Structures are given as C-alpha cells and as structure tokens.
Amino acid sequence: MKPEPSPVGRALEAAQAALAAEHAAAYGYGVIGARTTGGARAAEAREAYGGHLARRDALARTVRELGGAPRPSEAAYALPFEVRGPADAERLAAVIEDRVAGAYSDLVRAAEGPLRREAADALSAAAVRAARWRGGGVAFPGLTERA
C-alpha cells in the first residue's frame, strides 16, 4: 500500500498543479489577446494576463518555500478548441478560468494558513473572471471540472 503524502507534500503537489494551470492560463491569454478586438474585452484580457503572471510568479516562490523546484512552462499548450474570433476567445477565457479555479480548489483543500487564504483568494478571482467571460456564474466554482 502506498503511503499517504505528508501535509506539506500534498500542499507542494497542489501548488505545482496550480503553477501548471497558471502557465497554461498565461499561454491561453496570449491567444485570447490576439483574437479579442479592442475595447473593454481587450482590457479585461490584458488585466487577466497580468494577474495570471503575478500569481504564477508567487506560486513559483511558494513551491520553492515548500522545498520543491517549480515546474517550468511548456513551450506550447493544446487548446480545447480552435479559436477563430472574439466569441471563441471569450469562451476560451471562461474555460481557462474554470481550470484555474479547479487547480486552486485543490490547493485550498491541501494547504493551511496563509497559503490556504491565498489559494481561496485566487479561486475567487478566477471564478469572478470566468463569470464575466461566460456571462454568468456556476454554483460551485472550482468543482465544475469534476462534473
């Protein structure tokens, strides 16, 4: 029987997964930015991109503090569908935010103290962005990936 990971091990594993989600989100927002026409949606995409970069950098520090080596970004990520225009870009943004929320939901469960609070804040921010892109929220943000 495989032993259960320690609480620090679970937090490190969940932080690495959240870091991977942030890497993918940054890549996805590059695509979204290229397909979003100007105005409020373009500004929203730039703001989200910057937020994901900041959280990515913070998670890399967290992984090091937990004793791990931060996972590097992939060269490219497979998108869940082809993004041809602004409507597809908005749909992709909602999917990305749902996935990020799922990763932070796992980190909330695995972490304690300040890291749990940071993960909950990130989960909330991703859920709000997803609702804005989608035009409505979901009952349990972060758990939609498990449905």
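Predicted model: local features only at pLDDT ≥ 70, side-chain atom pairs only at ≥ 80, totals over all residues.
Colleague: Okay. Is Arg 129 buried or exposed?

Modeller: Buried means under 20% relative accessible area, exposed means over 50%, and partly exposed is in between, using a 1.4 Å probe and protein chains only. Arg 129 has a relative accessible area of 16%, so it counts as buried.

Colleague: And what does Arg 129 touch?

Modeller: Contact means heavy atoms within 4.5 Å. Leaving out residues up to four places away in sequence, Arg 129 touches Ala 48, His 52 and Glu 97.

Colleague: How do I read the packing of two helices?

Modeller: Two packed helices are described by the angle between their axes and the distance between the axes. The axes are lines fitted to C-alpha atoms, for helices over the stretch in contact, and the angles run from 0 to 180 degrees between N-to-C directions. Take H2 (residues 40-65) and H4 (residues 113-134): their axes come within 12 Å and cross at roughly 160°.

Colleague: What do you call that arrangement of H2 and H4?

Modeller: Under 35 degrees counts as roughly parallel, over 145 as roughly antiparallel, 65 to 115 as roughly perpendicular, and the rest as oblique. H2 and H4 are therefore roughly antiparallel.

Colleague: Which residues of H2 and H4 meet?

Modeller: On the H2 side you'll find Arg 41, Glu 44, Ala 45, Ala 48, His 52, Arg 55 and Thr 62, and they meet Leu 115, Glu 118, Asp 121, Ala 122, Ala 125, Arg 129, Arg 132 and Trp 133 of H4. Sorted by class, that contact has 6 nonpolar, 2 polar and 7 charged residues. For the classes, Ala, Val, Leu, Ile, Met, Phe, Trp, Tyr, Cys and Pro are nonpolar, Asp, Glu, Lys and Arg are charged, and the others, Gly among them, are polar.

Colleague: At what angle do H2 and H3 pack?

Modeller: H2 packs against H3 (residues 86-110) at about 25°, with the axes 12 Å apart. That makes H2 roughly parallel to H3. The contact uses Arg 41, Ala 48, His 52, Arg 55 and Leu 59 from H2, and Glu 90, Glu 97, Val 100, Tyr 104 and Leu 107 from H3.

Colleague: What about Leu 19: where is it found?

Modeller: Leu 19 is found in helix H1 (residues 7-35). Leu 19 is buried, with a relative accessible area of 1%.

Colleague: Zooming out, how many helices and strands does the chain have?

Modeller: The chain has 4 helices and 0 strands. Buried residues make up 39% of its 147 residues.

Methods:
Residues numbered from 1 in each chain as written. Heavy atoms only, no water. Helix = DSSP H or I, 4+ residues; strand = E, 2+ residues; numbered from the N terminus.
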